[in-house]
Amino acid sequence: MTDPIIMDMGIVALAGALATIAGAAEDLESDVGSQSNPNSQVQLAAQMNFPHRIFNKAISGEPVSYGLFCAAGGTMASVLIAKEMSVIFAIAIGAFIAALVLGLFSLTAHLGRCASQKRFKQPIYMDMVTGHIPVIMGHGFIAVFCIVSFSYIMDHLMGHPFPLPLLALLWGITAGAIGSSTGDVHYGAEREFQQQEFGAGLNAAFSGNIVRKAESGLRNGMDNVWACAKFGGPLTGLALGLTVFLDNWRSTIFSGMDPVPGSINAIITGLIIVLILILANRLVEVKARKAYGPYKEETGGVAA
Amino acid sequence: MIDPITTIVLITLGGVLVGLGVHFIPVGGAPAAMAQATGVGTGTVQLAAGAGLTGLISAGFMYNELATSTGLTNSNMILVLASGAVGAMIMITVTMFIGQLIYVYGVGVPPVSAKVKKDPITGDVQDIYVSKGTEGHGIPTVSFVSGTIGGLLGGLGGSLIYIQLMNIGGDHTNSGIVALAGIFATGVFYVNSVIASYNIGGTIEGFHDPKFKRVPKAIVSCLIASLLCAIIAVPIMGGVA
């Protein structure tokens, strides 16, 4: 007979895998549509006399918007599951409704933002609206489907006390917070300013001067997601996946013990994970300082 | 029988811990997303809420494991609080670490603080590593440790609020009570994060940042706001029970 802990660990691994896909899709959606902090440069570009073809939407902060979409998807899935629909179909329909809401908000946000920049001669390209919104909705669908799915796993298989819509809301907020904190930096600090020398730092004086030409033709949101899918997106997925996996792993691994000693072990394990991450961060810091060196001499002169 | 005064005091304390924790989290907002400021490239409220709510999920799970029909014993309450704090710390350290990888390998800049000449923890020289025209970039060790403390306090505060709300609700097997306690704790968390965010004014590097001296003002504001939330919470949760 299979040891229950093996099944439990499999479930935790599945939740982690779903969270990894969700994190990557969430970040890539925000790159196609240009949401969150880097969008300040897209918004600023037209005002600095650099009209562009980058999709411009910033519905709200990513955590809040993904909290909304995931809560909408989770609520719909919860209702359909209560009506005895198949779980996969219920979550898929919930994610589809959330994707529709995302598409609607994207449309109004983009048109409203571009229309308000008429005096800066920023055009509204209708081919961009029809080309980008389905891609935004597609990425949003994957993200919401995966987030609601692992919320369902936590709720029904791991026995979490929070109901599905609340878990989906909370994980949606966390997914948005992670996407906004990690992958967006790759889009904002690297992809938007690729004309600057790599590693030179981004002088605040370059604000608004975003890259507007693509590898072929004029750059748009699809070109941005093509580049960000190679680094920022997967790393965002890794961040959400690790958060979901490590947090659940530390409590599941001791689930065979009595609740009190099991909880103490889970807390100690969590603290060890945190300590390892602090040390890993220090190693990366030391490596970066050695590899890149200072920008100035210690005396104050400019380094070569 | 739950003493409402103690409950109100503890919910208020939870709110103050959240407000205090937000000040420790290194966030640089939009400038940090462009590697023009030290800290994580997102908003204060967003990151604090993401971490604190992950802690709330951990605390909710642990509460159900340890609660009996009479609620939680004091020693078990400490375990639930610690679990929430550790959950939030895991989320924030993972996020800061992955963010750091993107700054170092995706953008090509070393982590550095522009607010201090030497990192108070490692003693590394900082100012010469700041690139031209920026206010620092990445997450140096002092900011990373500060962020971890922020996660700890945020998770602790959020869990404390949740435990108190569940104590008023009384029945941890009733999903209506659990849901209301979870959403109310989220609400109190957001109230205090936003207040702290106004105090910070967009960017802060951690406890070594001069802006950290503004903490007393935030504690007073969070105390008042959380007290109001706590006074409302008691009849609402009691009404469900």
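**Reading the model**

Modeller: Helix 7 (residues 183-190) of chain A is mostly covered, with eight of its eight residues buried. This is a predicted model, in which local features need pLDDT of at least 70 and side-chain atom pairs count only at pLDDT 80 or more, while totals for chains, interfaces and linings use all residues. Residues are numbered from 1 along each chain as its sequence is written, and chains are lettered from A and ligands numbered from 1 in the order in which they are written.

Biologist: How is "buried" to be read, and which residues of helix 7 of chain A are buried?

Modeller: A residue is buried if 20 or more other C-beta atoms, placed from the backbone, lie within 10 Å of its own; it is exposed if 12 or fewer do, and partly exposed in between. In helix 7 of chain A the buried residues are A:G183, A:D184, A:V185, A:H186, A:Y187, A:G188, A:A189 and A:E190. Over chain A, buried residues make up 53% of the 304 residues.

Biologist: What secondary structure does chain A have?

Modeller: Helices (H or I, at least four residues) and strands (E, at least two) are DSSP runs, numbered from the N terminus. Chain A comes to ten helices and zero strands. Its C-alpha atoms fill a box of roughly 65 × 55 × 25 Å, taken along the principal axes.

Biologist: Into which domains is chain A divided?

Modeller: Domain bounds come from an automatic or database domain assignment. Chain A has domain 1 (4-244) and domain 2 (254-292), and 28 Å separate their centres, taken over C-alpha atoms.

Biologist: Is the crossing of helix 1 of chain A and helix 5 of chain A left-handed or right-handed?

Modeller: A crossing is left-handed if the near helix is turned anticlockwise from the far one by less than a right angle, and right-handed if clockwise. Helix 1 of chain A passes helix 5 of chain A in a left-handed crossing.

Biologist: At what angle do helix 6 and helix 9 of chain A cross, and which residues meet?

Modeller: The axes of helix 6 (residues 164-181) and helix 9 (residues 232-252) of chain A come within 9 Å and cross at roughly 140°, which means that helix 6 of chain A is oblique to helix 9 of chain A. Their crossing is right-handed. Two residues are in contact if their C-beta atoms, placed from the backbone, lie within 7 Å. From helix 6 of chain A, A:T174, A:A175, A:I178 and A:G179 meet A:T236, A:A239, A:L240 and A:T243 in helix 9 of chain A.

Biologist: How many residues of chain B are in contact with chain A?

Modeller: In chain B, 71 residues are in contact with 66 residues of chain A. Helix 4 of chain B gives the most to the side of chain B that touches chain A, with 22 residues.

Terms used: Axes fitted to C-alpha atoms, helices over the stretch in contact; angles between N-to-C directions. Parallel < 35°, antiparallel > 145°, perpendicular 65-115°, else oblique.
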